[in-house]
Amino acid sequence: MARQADEKLETSRIRLPRRVVENPLRQVAKRILMALGVMTVTVLLVYLDREGYHDNANETLDFLDCVYYATVTLSTTGYGDIVPYSDSARLVNILLVTPLRVLFLIILVGTTLEVLTERTREEFRLNRWRSTLRDHTVIVGFGTKGRSAIQTLCATGLRKDQIVIVDPSSKVIEAANSDGFVGVIGDATRSDVLLRAEVQKARQIVIATQRDDTAVLVTLTARQLNRGAKIVAAVREEENAPLLRQSGADAVITSASAAGRLLGLSVLSPSAGTVMEDLIQQGSGLDLVERPVTKAEAGRSVRETDDLVVSVLRGHRLLSYDDPAASPLQLTDRVITIVRAAPVTPLTTPTAD
C-alpha cells in the first residue's frame, strides 16, 4: 500500500503539457447546469399535464409534487406513489420523459467517466513518456537563466519534448507546461526527484538554480545518478566554480562575473559589447558553433577553412586559433567557429494523447 501511495504521489508531481486548457470547475458547472435544465423541462412537462397523474396521497398534483415526481423519475428511483394514468400522460412519459431520463443519467455518469478516463489517459501518457524518453535534456530551475538556456537550446534545433524541467514551485511548472515543456515538481537535490525526470537517461543536464550551494548538491546528485551525462552549471560567485567542477560539472558559468565583464567591455567599447551579446544569443546575427572538422579541411591550416575558426578542440585540449599546435587540422578535431546564423524553422512538438 505504501508503494502504491508513493507511485500516486510521484505521478501527481510530474506534469505533462496539456492541450485542454478549460477550467475543470467550469466543466463541472456546465454539467450541473445541463442536469438542472433537463430537470426543469421534466417538471414543466409533468406540471402541464398534471391532471393525467394520480397521487396515492391526495389524488391531485401540485407544483411540489411535480418536482418530486421529476426527481425520482430522472434518478430512476421510482417509488410508485405518483403514476401517470391518462393516455396523454403515459405518451409524454414514453416520448419525452424517458429520453430526458436517459440524458440526465448520461450527464451524471458521463462526468464520473470523464474523470476516470482523464486519469487513465494521464497514466498512459506518463508511462509512454517514460518509455520513449532517451538522451533528453534536464533543466534544473526555470528562472531567468533556465529560460535563456532553453531558448538557446531550442534555437539550435532541440525539440520541446526532449526537455524536462525540474523546479520546486508548482506555479513555475505550470508556466513551463503552458510553454509546452514537461515539468517535475520537487527539490532537485533529492535523487528521487531527479529520477522522476529520468535523469539517469539524460544526455545533458543544465543546472540553473538560484543558490550556489544548491547547485553543488544538485551536481553531486546528478553525477551520481548519471556518470556519462554532460553537466553544465551556473554559479553566482566565481570562488564556487572550482567546487562545482570537483562535484562533477563539465562546465561552470559564473553568471555574476560574466555579466560584469560584459558590462565592462560595453563601457570600453559599446560595439564590442554588442558583438559579444550577439555571439551568445543563438539564432540571430552571428553564432558560435562547434562542429567536427570535414575531410576537405583535414591537413589544412586553421586560416584556410571557409569559416572563421576561433578555437580547436583536440582531445581534451582547447587550442587557440593562433596556437602553432592548432595547425594543421586533424580529422578527429572539432573546431569552434563564428558563422552567420541560419533562419530557424519553427518546431512543432507532437502532443501525446
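What is the mean pLDDT of the protein chain, and what share of its residues reach 70 or more?

**Figure 1. Confidence across the predicted model.** The mean pLDDT (the predictor's confidence in each residue, from 0 to 100) of the protein chain is 79, and 84% of its residues reach 70 or more. In this predicted model, local features need pLDDT of at least 70, side-chain atom pairs count only at pLDDT 80 or more, and totals for chains, interfaces and linings use all residues. Residues are numbered from 1 along each chain as its sequence is written, and side-chain values use heavy atoms, leaving out hydrogens and water.

Figure 2. Where pLDDT is low, the predicted coordinates should not be read in detail.

**Figure 3. L95 in helix 4.** Helix 4 covers residues 87–132 and holds L95. Helices (H or I, at least four residues) and strands (E, at least two) are DSSP runs, numbered from the N terminus. L95 counts as exposed because its relative accessibility is 54%; exposed means over 50%, buried under 20%, partly exposed in between (1.4 Å probe, protein chains only).

**Figure 4. Strand 7 and its parallel partners.** Strands pair if DSSP finds at least two bridges between them. Strand 7 (residues 204–207) is joined by four bridges to strand 4 (residues 137–140), and the two run parallel. Here Q204 stands opposite T137. Four bridges also join strand 7 to strand 8 (residues 230–235), again parallel. I207 has A233 of strand 8 as its bridge partner.
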